[in-house]
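Subject: Structure handover

Hello,

Please find the structure below, followed by notes on what was found in it.

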Amino acid sequence: MSLDAVLEDIRACRACAGELPHTPRPVVRVFPETRLLICGQAPGRRVHESGLPFTDPSGDRLRRWLGIDADIFYGNRRIGVAAQAFCYPGTAAKGGDYPPPKRCASLWRPRLLAELPQVELTLLVGGHAQAWALGPRMAGSLTATVRAWRDYLPEVLPLPHPSWRNTAWLSREPWFEAEVVPWLQTRVRELLA
């Protein structure tokens with residue numbers, strides 16, 4: 001199995017058809033050269049519409065955390081994005097998106113990750129991605145897991161979701177931008193060099 005074959009299968013996936021409020025549109029962007037893998041929760045509405053990951057304000061904040069601009073984010077094949085679920089799950093009545101369907105990760109992530117041997121660092125963006133990837137190694141809450149970020153290095157770095165909904169969290173947890181973000185920016189420069 002090659003990466004191209006896995007990506008073709010993912011993009012053709014309709015496993016959640018009928019469960020989603022729209023036609024499935026898997027969004028994944030990885031390359032054989034991917035060294036930094038960003039694993040979010042699931043695409044949002046804007047990403048569903050654009051077909052490109054993080055084409056929204058969350059992406060702007062994430063790129064600031066990474067210390068790169070959109071040209072590098074989308075133009076450097078050493079950066080890959082493969083969320084826990086590849087399709088937009090829809091918006092809940094309270095305004096946030098539904099959780100990512102667990103089926104997607106179990107169907108696709110083992111096959112996809114097996115075709116990405118160059119990955120050196122995976123960013124687990126948000127609590128759903130952390131729970132899926134870390135399982136019992138998760139430190140309980142998102143805050144506790146992100147606070148214990150050094151315990152997961154060098155392969156994994158847990159991050160809060162860069163959504164505007166987490167602006168209050170970032171205000172309450174200033175250590176994140178003071179400690180984690182500078183480390184992340186240095187590591188991204190190394191991975192892209």
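With 193 residues, a compact globule would have a radius of gyration near 16 Å, and the protein agrees, having 16 Å. That radius is taken over C-alpha atoms, and the globule rule is 2.2 Å times the number of residues to the power 0.38. Along the principal axes, the C-alpha atoms fill a box of roughly 45 × 40 × 35 Å.

On provenance: this is a predicted model, in which local features need pLDDT of at least 70 and side-chain atom pairs count only at pLDDT 80 or more, while totals for chains, interfaces and linings use all residues. Residues are numbered from 1 along each chain as its sequence is written, and side-chain values use heavy atoms, with hydrogens and water left out.

Overall figures come next. Of the 193 residues, 49% count as buried (under 20% relative accessible area; exposed is over 50%, partly exposed in between; 1.4 Å probe, protein chains only). The protein exposes about 9300 Å², of which carbon and sulfur atoms supply 52%; areas come from the Shrake-Rupley method with a 1.4 Å probe, and for residues only the protein chains shown count as cover. Among contacts (heavy atoms within 4.5 Å) with a separation of 6 or more, 70% are between residues 24 or more positions apart.

The protein has nine helices and four strands, in the order α-β-α-α-α-β-α-β-α-α-β-α-α along the sequence. These elements are DSSP runs numbered from the N terminus: helices are H or I with at least four residues, strands E with at least two.

Strand β3 (residues 121–125) is largely enclosed by the rest of the structure, because five of its five residues are buried. Leu121, Leu123 and Val125 point one way from β3, and Thr122 and Leu124 point the other way. Two strands pair if DSSP finds at least two bridges between them. β3 runs parallel to β1 (residues 36–39), joined by four bridges, with cysteine 39 opposite leucine 124. β3 also pairs with β4 (residues 156–159) in the parallel sense over four bridges, and here threonine 122 stands opposite valine 156.

Two backbone details are worth a look. Leucine 153 and proline 154 are joined by a cis peptide bond, with omega about 10°; proline 154 is in the loop between α7 (142–147) and β4. Phenylalanine 54 is not a glycine, yet has a positive phi of about 60°. Phenylalanine 54 lies in the loop between α2 (45–50) and α3 (57–66) and counts as buried, at 10% relative accessibility.

Regards
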